There are 2 protein chains.
Amino acid sequence: MDNYIKHNKQYVAVDCVIFSYEDQELKLLLYPRGFEPSIGSWSLMGGFVKEDESLENAAQQVLFNTTGLKNIYLEQIGGFSNPDRDPGGRVISIGFYALMPIEDQNKELVRNSGAHWWPIQKLPHLIFDHKEIIDAALIKLQQKSSISLIGKELLPEAFTLTQLHNLYNAIFQKKFDAGNFRKKILSLNVLKKLPKKDTSGSKRGAFYYTFIDNIEHNNLDRIIKF
Amino acid sequence: MDNYIKHNKQYVAVDCVIFSYEDQELKLLLYPRGFEPSIGSWSLMGGFVKEDESLENAAQQVLFNTTGLKNIYLEQIGGFSNPDRDPGGRVISIGFYALMPIEDQNKELVRNSGAHWWPIQKLPHLIFDHKEIIDAALIKLQQKSSISLIGKELLPEAFTLTQLHNLYNAIFQKKFDAGNFRKKILSLNVLKKLPKKDTSGSKRGAFYYTFIDNIEHNNLDRIIKF
DNA sequence: GCAAAAGTGTTTACATTACACCCATGG
DNA sequence: CCATGGGTGTAATGTAAACACTTTTGC
């Protein structure tokens, strides 16, 4: 069974672009790299892939180690494989992006790793090709958000339409018309109005909404076009 | 610089889903596997990734070896990494799909490798998870064709609107309204009518069209919505 | 002349856009 | 009382879908 033995093996890693949303901004969780090369520079969370796990499992493991969360929403971005991308050696990296509500994370764990949430508009300099991976991740996230109503993955359980509106503004880096946006969203019939109001954002207060029961990612796919 | 050394290396391969179009059908180039395990079974074209090449280069090399063509249109599908996907050992495969006009291939080279073009509706049984890779490829191709006018990559230099219409029917596996389709396409202003007619498809004959000069893949992105 | 592909025109329904305007309330 | 975010209504425009209809020509 060893016809493969004459071929080279490679280091394979996963790198995770972890998106969250706070203060009307998309944010990314970055951390200072703990080993050479480029020790101390800002970097995506990553890890090597073990022989007995899939890429997705490896990515979930990275997310668990850094945020304490399991079963996070995850999408594959693609492979990054320039032979010189990592000066430490030949490493093929598969990029993933993850979405999580920022308050779900284990804050202590994140703090202990030295990680920090960076607004996507003000990222620090990143090692290797990590900026490229982030750019690809944002494009994928935009593609996803344009055919699927995201929000469940990034917002708290209950949220206002203004929050959702601002989230979409942040993702697409443009301003959607507020009135048209809310009409479009409500016409989808996937949100239900809660009796409570949020008064933090305005004097009048805005009603909270939540996704109707028994709705999954799959049900939200291809229900919308932006 | 050897902080990586404690980690496992893996075999990394690329597998290519090669699309072409003939007789109003999408076709895939498959070949009988030349070594164990599963020798003789139908398989995608693939190859191991070398230490000094990117995944894209590895895929282009596979395509060159099997069809004699260079710089083929290529898109990454994603990583396939179930630890048990290949009974011969742990191999992480990155899928790519390629588009090529069927007449461009080096026929002799293809014949010598034992390869065969299969209509996508009548595929033979395939090894490992190759059917899964093909399914993912078709979805990616549909996504691509729904925002970009493909045709340049799959059709001959000059083609009729009916050919393009049939190509889209084949990709989406549905019938677009012929009148609406041609109006939509022509309104994009990326095709020019040639003085010649194709008389093979009908008695009246249909005008050939070709893409206007200096148009690249990039210019065709996001110009359409299907 | 007729079948069949090529090509055009029209009607209807629906979605998107821009924007005007009212509401509620804390300071 | 007014600035501000919350929320509704509407008219104009654009796009998509359905389908009837005309043209051309080999058999």
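Which residues in helix 3 of chain B meet which residues in helix 4 of chain B? In this predicted model, local features need pLDDT of at least 70, side-chain atom pairs count only at pLDDT 80 or more, and totals for chains, interfaces and linings use all residues. Residues are numbered from 1 along each chain as its sequence is written, chains are lettered from A in the order in which they are written, and side-chain values use heavy atoms, without hydrogens and water.

From helix 3, B:Leu138, B:Leu141, B:Gln142, B:Ser145 and B:Ser146 meet B:Tyr168, B:Ile171 and B:Phe172 of helix 4, contact meaning heavy atoms within 4.5 Å. These residues divide into 5 nonpolar, 3 polar and no charged. Helix 3 of chain B spans residues 130–147 and helix 4 of chain B residues 161–172; the two pack at an angle of about 140°, with axes 9 Å apart. The pair is therefore oblique, the class left over once angles under 35 degrees (roughly parallel), over 145 (roughly antiparallel) and 65 to 115 (roughly perpendicular) are set aside.

Of the 16 residues around DNA strand C, A:Asn180, A:Arg204, B:Thr162, B:Lys183 and B:Arg204 come nearest, where a residue is near if one of its heavy atoms lies within 4 Å.

Individual side chains show both kinds of partner. An N or O atom in the side chain of A:Arg204 is 2.5 Å from a base oxygen of DNA strand C, and a polar side-chain atom of B:Lys183 lies 2.9 Å from a base oxygen. For B:Thr162, the side-chain N or O atom is 2.7 Å from a phosphate oxygen.

How values were computed
Axes are lines fitted to C-alpha atoms, for helices over the stretch in contact, and angles run from 0 to 180 degrees between N-to-C directions. Helices (H or I, at least four residues) and strands (E, at least two) are DSSP runs, numbered from the N terminus. Ala, Val, Leu, Ile, Met, Phe, Trp, Tyr, Cys and Pro count as nonpolar, Asp, Glu, Lys and Arg as charged, and the others, Gly among them, as polar. A polar contact is a pair of N or O atoms within 3.5 Å; within protein, one must be able to donate a hydrogen and the other to accept it, and residues adjacent in sequence count only if both atoms are side-chain atoms.
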